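Trainee: I am new to this structure and would like to go through it step by step. May we begin with the terms?

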Amino acid sequence: MAHFYIMGAVFMKLHTLALLAAIGSLSAQDLTITNARIIGPNGSVIERGSIVVRAGKIASVAAGAPSAPSGKTIDAKGMTAMPGFIDGHRHINTGPNEKAQMQALLEAGYTTVLSGGGPAEGNITLRDHIDKGVINGPRIIPSGSLRLANNTPEMARGEVRKMAAMGIKFTGEIALTPIPGPSDQELEILRAVVDEAKKVGIMVQVHAVSSSAMVAAVDAGVPLLVHLPNKDWVSKDDAKKVAAAGTKVLGTVSFGSPVFGVFAEDNKARFRDGKPWPEGIVNGVRLGEEAGYMPVNARTVWDGGVTLGYCTDTTYDPKAGLDHELKMLNVMFSMQDIIKMQDIIKMMGPNTASYIQMGDQLGTLEAGKIADLILLDGDPLEGYWNWLKTKVVVKGGVIVVDKR
């Protein structure tokens with residue numbers, strides 16, 4: 001029996017060492033990409049360039065062949081290199097289907113996802129499964145749920161401190177009553193949350209889907225809004241107020257627009273959860289007016305100087321969610337206009353990276369940043385459909401998807 005335990009212990013130790021060695025070798029991988037169309041900061045383009053990655057970070061981005069290649073070489077053969085997609089708000093958590101769901105996110109081109117909510121413990125478990133190599137997946141940033149209902153300022157402060165002790169850096173979306181607007185009690189608790197979060201280094205995210213809720217959140221000092229208003233029109237003055245406060249906002253511009261061919265190939269319009277459109281919309285406003293509010297509000301806040309980022313807030317297929325969002329962005333930020341096309345690149349890259357507090361590490365292909373990038377089989381400046389053609393995904397310098 002003692003012999004059995006000794007052999008078992010030896011096996012477990014060897015298994016653990018092998019796993020750690022595998023993870024270490026992945027993180028240390030070097031890589032060179034040649035013959036790529038490279039989308040640089042602000043939509044600048046290198047038609048035939050190279051990217052060199054060392055120890056998981058971008059060492060150089062240059063026109064032509066690399067002066068000092070390193071590690072494995074990928075000949076892009078004219079494919080387009082872009083920063084990996086960041087979803088600033090998607091509802092994910094650990095569970096029996098996490099392996100398939102995380103793989104689907106990678107294959108759609110996502111390399112980083114900020115969890116939209118749910119139990120913090122489950123978000124942490126999912127992150128750890130990916131970080132430890134148990135499953136393949138994008139970089140997961142966990143959040144912790146916090147509700148204002150049935151709460152008090154002191155209880156809410158305690159919940160914030162508990163999150164901080166767990167290593168959580170973001171609250172999940174904290175809902176404010178949209179119509180007729182948040183109550184005095186809600187706002188009292190929210191102000192306590194914002195105050196405590198500043199003390200312990202947590203970013204507060206609020207679900208404000210009406211203009212009155214949005215303005216109230218900004219007045220309370222909230223730094224992050226996970227949605228644009230979808231219950232009414234945002235005024236230019238309110239947009240300027242959000243911008244002046246430095247509050248960052250995520251789009252979800254296709255929230256109210258119908259989905260076709262995602263849940264069934266029957267040509268029936270559905271809401272993003274599969275229910276009939278427009279009557280299935282949560283707290284719907286008459287005849288699906290949300291389909292107009294969000295995209296127009298996106299343009300209003302953008303023109304008002306707000307830092308507007310990208311998210312899907314979906315639970316269905318990641319590629320279908322990307323397609324859905326891009327189609328609506330294509331309406332308000334036309335891809336036939338190179339200036340507006342650059343707006344979308346900025347929104348999905350550096351703006352979303354800034355929202356998740358990683359603007360110095362992600363969102364653009366520049367030396368010194370984490371090597372999160374994708375290779376697309378087409379020119380993204382030609383049209384949104386080419387953003388759906390991800391062939392290679394690199395996360396932290398590691399090739400995690402290769403569909404060439």
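This is a predicted model: local features need pLDDT of at least 70, side-chain atom pairs count only at pLDDT 80 or more; totals for chains, interfaces and linings use all residues.

Mentor: Helices (H or I, at least four residues) and strands (E, at least two) are DSSP runs, numbered from the N terminus. Residues are numbered from 1 along each chain as its sequence is written.

Trainee: Where does Asn351 lie?

Mentor: Asn351 lies in helix α10.

Trainee: Is Asn351 buried or exposed?

Mentor: Asn351 has a relative accessible area of 8%, so it is buried. Buried means under 20% relative accessible area, exposed over 50%, and partly exposed in between (1.4 Å probe, protein chains only).

Trainee: What is Asn351 in contact with, leaving aside its neighbours within four places in sequence?

Mentor: With those neighbours left aside, Asn351 is in contact with Trp302, Thr307, Leu308, Gly309 and Lys346. Contact means heavy atoms within 4.5 Å.

Trainee: And what about Thr352?

Mentor: Thr352 also lies in helix α10, which covers residues 338–355. Thr352 counts as buried because its relative accessibility is 0%. Leaving aside neighbours within four places in sequence, its contacts are Ile86, Gly88, Gly309, Tyr310 and Met347. The C-alpha atoms of Thr352 and Asp87 are separated by 7.7 Å, although the two residues are 265 residues apart along the chain.

Trainee: Changing topic, which residues of α4 are buried?

Mentor: In α4, the buried residues are Ala156, Arg157, Val160 and Met163. Seen down the axis of α4, these fall within an arc of 115°, so they line one face of the helix. The arc is that of the directions from the helix axis to the C-beta atoms.

Trainee: Which residues are exposed on the other side of α4?

Mentor: Glu154, Lys162 and Ala165 are exposed there.

Trainee: What covers the buried residues of α4?

Mentor: The cover includes β9 (170–175) and α5 (184–200). Just after α4, Gly167 takes a positive phi of about 90°.

Trainee: Lastly, at what angle do α2 and α9 pack?

Mentor: Helix α2 (residues 98–108) and helix α9 (residues 318–332) pack at about 45°, with their axes 8 Å apart. Axes are lines fitted to C-alpha atoms, for helices over the stretch in contact, and angles run from 0 to 180 degrees between N-to-C directions.

Trainee: Which residues meet there?

Mentor: Gln101, Ala104, Leu105 and Ala108 in α2 meet Pro318, Lys319 and Leu322 in α9.

Methods. Side-chain values use heavy atoms; hydrogens and water are left out.
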